[in-house]
Amino acid sequence: MSADQSYLESAKKQFLYYKMLGEKAMDQLEPQQLFVTVNEDTNSIASIVKHISGNMLSRWTDFLSSDGEKEWRNRDAEFENDLQSKEEVLEIWNKGWNCLENALESLKPEQLSDIIYIRNEGHTVIEAINRQLAHYPYHVGQMIFYAKQLKNSEWNSLSIPKNKSSNYNAEKFAKEKEIKNFTDDELKRLK
């Protein structure tokens with residue numbers, strides 16, 4: 001496998017990992033908790049989902065051929081708390097992720113050095129992917145942090161459970177060294 005193909009496969013797995021983390025966090029909440037805000041300066045999990053999805057739809061629609069900040073995008077509206085149900089939240093969530101996944105599946109390794117634009121700023125395809133690999137996990141982290149605060153009962157850890165690092169490391173080091181993506185085991189564990 002070429003380095004470019006390896007990069008694409010790694011990026012796809014990492015996006016999938018963060019998608020799954022966001023979903024597992026939302027699954028632990030009561031539906032109405034998705035719409036809670038603490039004050040005027042905070043966003044509900046539902047609003048964060050709208051923003052992530054809006055960004056994905058804008059960035060990944062016609063990814064190689066049009067600016068990533070589409071004229072039809074209304075970024076400010078993404079932060080309005082106007083969704084009514086968990087089903088609506090998940091529908092918007094999946095719409096954005098499907099757009100991203102379709103765009104990534106259509107990419108060829110030789111296109112990674114192509115130039116695309118986001119707000120008229122040129123990026124290589126790799127830079128654009130890396131930009132979003134920083135942006136989406138940032139917001140998924142917000143969702144997880146907020147979900148932990150809102151959860152009425154014990155939180156089911158999405159990473160190494162608190163005070164279990166030694167056990168986790170012992171399990172990892174008990175295995176033979178191998179080359180694989182860190183998400184391979186994590187995605188299996190989260191399913």
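This is a predicted model: local features need pLDDT of at least 70, side-chain atom pairs count only at pLDDT 80 or more; totals for chains, interfaces and linings use all residues.
**View 1. Helices α2 and α3 pack against each other.**
Let's start with two neighbours: α2 covers residues 45–60, and α3 covers residues 86–106. Their axes are 8 Å apart and meet at an angle of about 30°. Angles under 35 degrees count as roughly parallel, and α2 and α3 are therefore described that way. The crossing of the two helices is left-handed. From α2, the residues that take part are Ala46, Val49, Lys50, Ile52, Ser53, Met56, Leu57 and Trp60. Their partners in α3 include Val89, Ile92, Trp93, Gly96, Trp97, Leu100 and Leu104. What kinds of residues make up this contact of α2 with α3? There are 14 nonpolar, 2 polar and 2 charged ones.

**View 2. Phe15 and Tyr136 form a tilted ring pair.**
A search of the whole structure turns up 7 aromatic pairs. A pair of aromatic rings is described by two things, the distance of the centres and the angle of the planes. For Phe15 and Tyr136, the centres are 6.0 Å apart and the planes stand at 50°, so this pair is tilted. Phe15 belongs to helix α1 (residues 3–27) and Tyr136 to helix α4 (residues 125–150), so the pair ties together parts that are 121 residues apart in sequence. Are these two residues buried or exposed? Phe15 is buried, with a relative accessible area of 2%, and Tyr136 is buried as well, with a value of 0%.
You have already met Trp60 in α2, along with Trp93 and Trp97 in α3, in the helix contact of View 1.

**View 3. Tyr17 and Phe182 meet edge-to-face.**
Here the ring centres are 5.5 Å apart and the planes are at 80°; planes over 60 degrees apart count as edge-to-face, so that is the name for this pair. Tyr17 sits in helix α1, while Phe182 sits in the loop between α5 (165–173) and α6 (183–190). The pair links distant parts of the chain, 165 residues apart. Tyr17 is buried, with a relative accessible area of 8%, whereas Phe182 is partly exposed, at 45%.

**View 4. Helix α6 has several buried residues.**
Which residues of α6 are buried? They are Thr183, Asp185, Glu186, Leu187 and Leu190. What covers these residues includes α1 and α5.

Note on methods: Residues are numbered from 1 along each chain as its sequence is written. Side-chain values use heavy atoms; hydrogens and water are left out. Axes are lines fitted to C-alpha atoms, for helices over the stretch in contact, and angles run from 0 to 180 degrees between N-to-C directions. Helices (H or I, at least four residues) and strands (E, at least two) are DSSP runs, numbered from the N terminus. Angles under 35 degrees count as roughly parallel, over 145 as roughly antiparallel, 65 to 115 as roughly perpendicular and the rest as oblique. A crossing is left-handed if the near helix is turned anticlockwise from the far one by less than a right angle, and right-handed if clockwise. Contact means heavy atoms within 4.5 Å. Ala, Val, Leu, Ile, Met, Phe, Trp, Tyr, Cys and Pro count as nonpolar, Asp, Glu, Lys and Arg as charged, and the others, Gly among them, as polar. Rings of Phe, Tyr and Trp (its six-membered ring) pair if their centres lie within 6.5 Å; planes under 30 degrees apart count as stacked, over 60 as edge-to-face and the rest as tilted. Buried means under 20% relative accessible area, exposed over 50%, partly exposed in between (1.4 Å probe, protein chains only).
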